[in-house]
Amino acid sequence: MLKKLSKGFVSCIVFMALMQRAGFSAFAQHPNAKLTDTAGKKGIPNDTDTARTDEPDQKNNAAGISTVLIAGDKNAFFDKVAHYTYIVKNPTDDPQTGTVSCQVTTETGKVLTSNSVKVDIAKKTTGTYTFDIPQSKPGFYKINFMVNVSDYDDTTLRVFGIRPGQIRSQYPKPADFEQFWADTKSQLATIPGNFKVTHMPEMDSKFRRVYSVEMQSFDNITIHAWMTLPVTPDKNKKFSVLLGLPGYQVDLYPIMGRDDDLAIITVDVRGQGRSRGIINTRKDEFIFFRCEDRNRYVMRGVIMDCVRAVDFIFSQSNLKHDNILATGGSMGGFLSIALASLDKRVTICSSQNPILCDIHNLQGEVKWPITSFEKYVVTKPGLTMDKVMKNMEYFDTKNFATNLTCSTIMGIGLLDPYAPPNNEYAAFNNIPGKKRILVFKDLGHEVTETYKNLEGRWLRDTFGLF
């Protein structure tokens, strides 16, 4: 049975806002979510009532005309035929004539089908229109519903999935992927951590002590982190650890709260926050910094910064070394999977909207980060996008996922313009260990409090916290 959240775990809701904010979208609440697991694997939350999934989408205009969109499956997942009901309500004293139509495209915008019906909605009545959309290939598809009547025009964009559990990338993992990262970790191991912990009493709260952490990481770069510990009279007490990994170009701060059994560590990886140091790029340049060389690409060191943070945890006698949750959103979601894949000391992994999934198939599908790579390539004579994409295979979330054996939860939005669902499922389906995914069918690059509540209960169950 899942334990109740401690009231102090609201700190992790605040944490989600910091981790999720990647410069693209803000934290938002939404009730429509799907909770899916893999045969109810032991050790992963299995309650399905943590999110409401049956509310239709409704829009209104000033004149009172409104639309309601209802998916035939409450989570917009179908076997072979997607089914939708589109309702137009006309409470006015004027009849409404025109068309109701829908258009289905691939995630790259290729039109697959279009349907349109003429409508004549009498005053103070409702028109109901059904659409069946057959699609045989597993994947996610965009669908636009449009109403054009006398006094009202509107478009509703949604995404539906066809057998997403069957999605696989056609791009294999590099043959030397494991060796590349084994060599990288070996290089990190030769660098002493030189951990330095400094109490920051002016930042303390009544319930938590704040510490600034400094450590040496890959390439002998100094990185920084925050650690907050519960105030306790028990000097021998050991704390489970929530390790927070940052979103893209997010400055992190100490995470407070009233949890008396949880240490919270947030890491400013190189090039971000207090760890900018020699890597002090403009925001849009960080993602492609040295991408022409896989050995010097910024994300190689960033991932090792996360491994070094685990080294720090293991250096602290007051932290439980077998109770570590790695969590993050956007770039932090990518980092949580990469870290848990490479470092088996991570106990459980939580990844929200991870970027860089199935990198080759992001081309032609998303603007960021592909356009950033393209802009960089034209400034480097002799460099090609093919070369960059080959290098990026060593930093592809789906390739890290193949070695992810700890229990993992993911959260995604079907309308995500930076981490599209086809790509997210290419990574999720590669995870061989215990896994679960929470799908928000009407959200973009974000998750909600629902996800963090689940994460909190899961953490407390796994770590035996009461």
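Biologist: What does the chain average in pLDDT?

Modeller: This is a predicted model, and the chain averages a pLDDT of 88, with 86% of the residues scoring at least 70. Over residues 1–54, however, the pLDDT is below 50, although this stretch has 157 contacts in the model beyond near neighbours in sequence.

Biologist: How many helices and strands does the chain have?

Modeller: The secondary structure comes to 9 helices and 19 strands. Of the 466 residues in the chain, 58% are buried. Among contacts between residues at least 6 apart in sequence, 70% join residues at least 24 apart.

Biologist: Which strands pair with β18, and in what sense?

Modeller: As a general idea, the strands of a sheet pair through backbone hydrogen bonds, either parallel or antiparallel. In this structure, β18 (residues 407–413) pairs with β17 (residues 348–352) in the parallel sense over 5 bridges.

Biologist: Are the faces of β18 covered or open?

Modeller: In a regular strand, side chains alternate between the two faces of the sheet. Both faces of β18 are covered: Ser407, Ile409, Gly411 and Gly413 are buried on one side, and Thr408, Met410 and Ile412 are buried on the other. Thus 7 of the 7 residues of β18 are buried.

Biologist: What lies between β18 and β19 in their β-α-β unit, and what is its handedness?

Modeller: The helix is α8 (residues 421–428), and with β18 and β19 it makes a right-handed β-α-β unit.

Biologist: Why is α8 described as largely enclosed?

Modeller: The count of buried residues decides this: 8 of the 8 residues of α8 are buried, so the helix is largely enclosed by the rest of the structure. Among them are Tyr425 and Phe428. The elements covering the buried residues of α8 include β4 (77–78), β9, β10 (152–162), α7 (397–401), β18 and β19.

Biologist: Where do β4, β9 and β10 stand in the open sheet?

Modeller: That sheet has 5 strands in the order β4-β10-β9-β6-β7, with mixed pairing. Its edge strands are β4 and β7 (111–121), each of which pairs on one side only. Within the sheet, β9 and β10 run antiparallel and are joined by 11 bridges; Lys142, for example, has Val159 in β10 as its bridge partner.

Biologist: Which residues are closest to the centre of the largest pocket?

Modeller: The largest pocket holds about 470 Å³ of space. Of its 21 lining residues, Lys137, Pro138, Gly139, Asn361 and Asn422 are the closest to the centre. The elements that give two or more residues to this lining are β9 (139–149) and α8.

Biologist: Finally, is Leu339 buried or exposed?

Modeller: Leu339 is found in helix α4 (residues 331–342), and it counts as buried because its relative accessibility is 0%. Apart from neighbours within four places in sequence, Leu339 is in contact with Leu243, Leu245, Cys306, Val307, Val310, Ala326 and Val346. The C-alpha atoms of Leu339 and Met304 are separated by 8.2 Å, although these residues are 35 residues apart along the chain.

Definitions and conventions:
Residues are numbered from 1 along each chain as its sequence is written. This is a predicted model: local features need pLDDT of at least 70, side-chain atom pairs count only at pLDDT 80 or more; totals for chains, interfaces and linings use all residues. Side-chain values use heavy atoms; hydrogens and water are left out. Buried means under 20% relative accessible area, exposed over 50%, partly exposed in between (1.4 Å probe, protein chains only). Helices (H or I, at least four residues) and strands (E, at least two) are DSSP runs, numbered from the N terminus. Two strands pair if DSSP finds at least two bridges between them. A crossover is right-handed if, with the strands pointing away from the viewer, the path from the first strand over the helix to the second runs clockwise. pLDDT is the predictor's confidence in each residue, from 0 to 100. Contact means heavy atoms within 4.5 Å. On a 1 Å grid over the protein atoms alone, a cavity is a set of points where a 1.4 Å probe fits but cannot get out, and a pocket is an open set with protein on both sides within 12 Å along at least five of seven lines; lining residues have an atom within 4 Å of a point. Grid points are joined across faces, edges and corners, and a volume is the space filled by probe spheres set on the points.
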